[in-house]
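Hi,

Here is the structure I promised to pass on. Have a look at it first, and then read on for what turned up when I went through its cavities.

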Amino acid sequence: MSHVAHELGTQPACWERAAELAPARRAVLPQPGERTAIVGCGTSYYMAQAAAVLREEAGQGETDAFPASEFPRHRRYDRVVALTRSGTTTEVLDLLAALRDAGVPTTAVIGDPATPVMTVADELVVLDFADEQSVVQTRFATTALTLLRAHVGLHGPAAVADARTALDEPLPEGLPDQGQFTFLGRGWSVGLAHEAALKMREASLSWAESYPAMEYRHGPVSISGPGTVTWSLDEAPDGLAEQVRRTGGQWVAGRLDPLAELVRVHRLALAVAARRGLDPDAPRNLTRSVILTTGEEAVR
């Protein structure tokens, strides 16, 4: 079994632990009314997008999400939360150091505390039980989002039960044989749709795209047809499923909690990788963390 296959299968248990941890770490996570930014890179950025929408939906305060490299340093925030599995990503460390110097409170949600992030973040929330050996992120990302979801009161046991269902139920027949995948979301699940497409690209080198569901008719639906899949991770707009089916494309309706639907996509990515003879533990051109030096890129 690959590392990523083992790790994605442990997600329900990790979510339970994160939800249990959230009350104990309440004081170092964004407080109601704080103007907050959540940052990350790659997968962590997409989790930040989802978390930002959830926090605003919960009435907790204005919340933005940015890639760490694109953070608007001229803006003022009451707290910045960084999601970083490795604690070594250059853009995250550089931003946290700059925010520390500017006096902006920061919290890092991390997998490995024994890393440089310890010296630049004001506070840490350690999810070492969700850290991963794999390059391709699954359980750390969804566990970090579960922590933030629980913190604003929007996580419940149903999400964990749905994740177990996502691991146990067979995937829709014929899905791994398709050539192109599009993922759709609404609200907080737009970030999950972006992450779903990223997983398909990383693990299986698939042609994968992602959009807010209502935007799909505004151009992207033109790619739909035989050999394509359109997967809605959340409630779909009226009539969209029928429109996709008329093109000859395959429609997959999200039935579970959107985060559990992402677990189903994790399984699909591995199934497509296996069909194509790819090793998901050795994704092409990727490393576990991006560490930059002057004028060059180093790997870790």
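Pro30, Ile38, Ala51, Leu54, Arg55, Leu148, Arg149, His151 and Val152 line the largest cavity. Two helices, H3 (43–57) and H5 (139–151), are the elements that each give two or more residues to that lining. The space inside the largest cavity comes to about 70 Å³. If you sort its lining by class, you get 6 nonpolar residues, 2 charged ones and 1 polar one. Keep in mind that this is a predicted model.

Around it you'll find Val4, Leu8, Val136, Thr138, Lys199, Ala203, His266, Ala269 and Leu270. Which helices supply at least two residues each to this lining? They are H1 (3–9), H7 (189–204) and H9 (258–275). Of these, H9 gives the largest share, with 3 residues. By class, the lining of the second largest cavity splits into 6 nonpolar, 2 polar and 1 charged.

Cheers

Terms used
Residues numbered from 1 in each chain as written. Predicted model: local features only at pLDDT ≥ 70, side-chain atom pairs only at ≥ 80, totals over all residues. Heavy atoms only, no water. 1 Å grid on protein atoms, 1.4 Å probe; cavity = no way out; pocket = protein on both sides within 12 Å on 5 of 7 lines; lining within 4 Å. Points joined across faces, edges and corners; volume = space filled by probe spheres on them. Helix = DSSP H or I, 4+ residues; strand = E, 2+ residues; numbered from the N terminus. Nonpolar A, V, L, I, M, F, W, Y, C, P; charged D, E, K, R; others polar.
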